[in-house]
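Visitor: Hello! Could you walk me through this structure, one step at a time?

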Amino acid sequence: MLSLLYQEGPSTKGIFRRSGSAKTFKELKEKLDSGTEVDLTRESIFVTASLFKDFLRNIPGSILSSQLCDKWVSVLDQGNNEEKIKSIQRLIEHLPRANVVLLRYIFGVLHGIEMRSEENQMNAFNLAVCIAPSLLWPPVSSTPDIESEFIKKISSLVQFLIENCCRIFGDEITSLFGEI
């Protein structure tokens with residue numbers, strides 16, 4: 001999924017914003033969940049993006065770890081960008097290795113899409129609004145008002161992560177997928 005999103009996302013207007021066919025999504029999700037091999041290259045990239053966001057939403061405790069939720073939310077309240085980046089890097093060290101590897105690839109894809117935002121209309125802000133709720137959620141449910149405020153904060157954090165991903169994850173993030 002990430003490879004396809006890396007290849008097609010940068011040239012796809014509204015990637016992660018538009019949904020694919022709900023029927024196709026449901027059928028593909030059932031096949032993937034049952035272990036059936038699926039050729040996503042034959043499907044709409046919007047369905048693939050929806051499947052990927054669904055995959056992220058189903059990671060137990062979220063990819064950024066709900067246990068660290070308060071710390072993630074407070075990162076942007078810290079001093080200058082350098083301090084924020086250092087705080088983020090310290091938080092990333094507390095995540096399981098599999099989460100960190102996946103995050104690097106996710107932000108490699110998002111960076112590639114953001115670099116061509118004039119073409120696809122998905123700048124860091126737009127990407128963050130679409131993907132942030134799939135990356136982190138609070139450990140306990142809350143009122144709609146608190147949840148809305150939380151989503152705004154997480155979206156701002158994800159926007160910062162996209163805009164600074166090379167400094168956070170290293171410059172090699174731009175070449176993780178090699179020459180596809």
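Guide: Happy to! Please keep in mind that this is a predicted model.

Visitor: At what angle do α8 and α9 pack?
Guide: Two packed helices are described by the angle between their axes and the distance between the axes. Here the helices are α8, residues 124–135, and α9, residues 144–163. Their axes lie 8 Å apart, and the packing angle is about 120 degrees.

Visitor: How many nonpolar residues are in the contact of α8 with α9?
Guide: On the α8 side, the residues include Phe 125, Leu 127 and Ile 131. They meet residues of α9, among them Ile 151, Ile 154 and Val 158. By class, the contact has 1 charged residue, 2 polar ones and, to answer you, 13 nonpolar.

Visitor: How many helices does the chain have?
Guide: From the N terminus on, the elements run α-α-α-α-α-α-α-α-α-α. The chain has 0 strands, and its helices number 10.

Visitor: How compact is the chain for its length?
Guide: The C-alpha trace spans about 45 × 40 × 30 Å along its principal axes. For 180 residues the globule rule gives 16 Å, and the radius of gyration is close to that. The chain is therefore as compact as a globular protein of that length, with a radius of gyration of 16 Å.

Key
Residues are numbered from 1 along each chain as its sequence is written. This is a predicted model: local features need pLDDT of at least 70, side-chain atom pairs count only at pLDDT 80 or more; totals for chains, interfaces and linings use all residues. Side-chain values use heavy atoms; hydrogens and water are left out. Axes are lines fitted to C-alpha atoms, for helices over the stretch in contact, and angles run from 0 to 180 degrees between N-to-C directions. Helices (H or I, at least four residues) and strands (E, at least two) are DSSP runs, numbered from the N terminus. Contact means heavy atoms within 4.5 Å. Ala, Val, Leu, Ile, Met, Phe, Trp, Tyr, Cys and Pro count as nonpolar, Asp, Glu, Lys and Arg as charged, and the others, Gly among them, as polar. The radius of gyration is taken over C-alpha atoms; the globule rule is 2.2 Å times the number of residues to the power 0.38.
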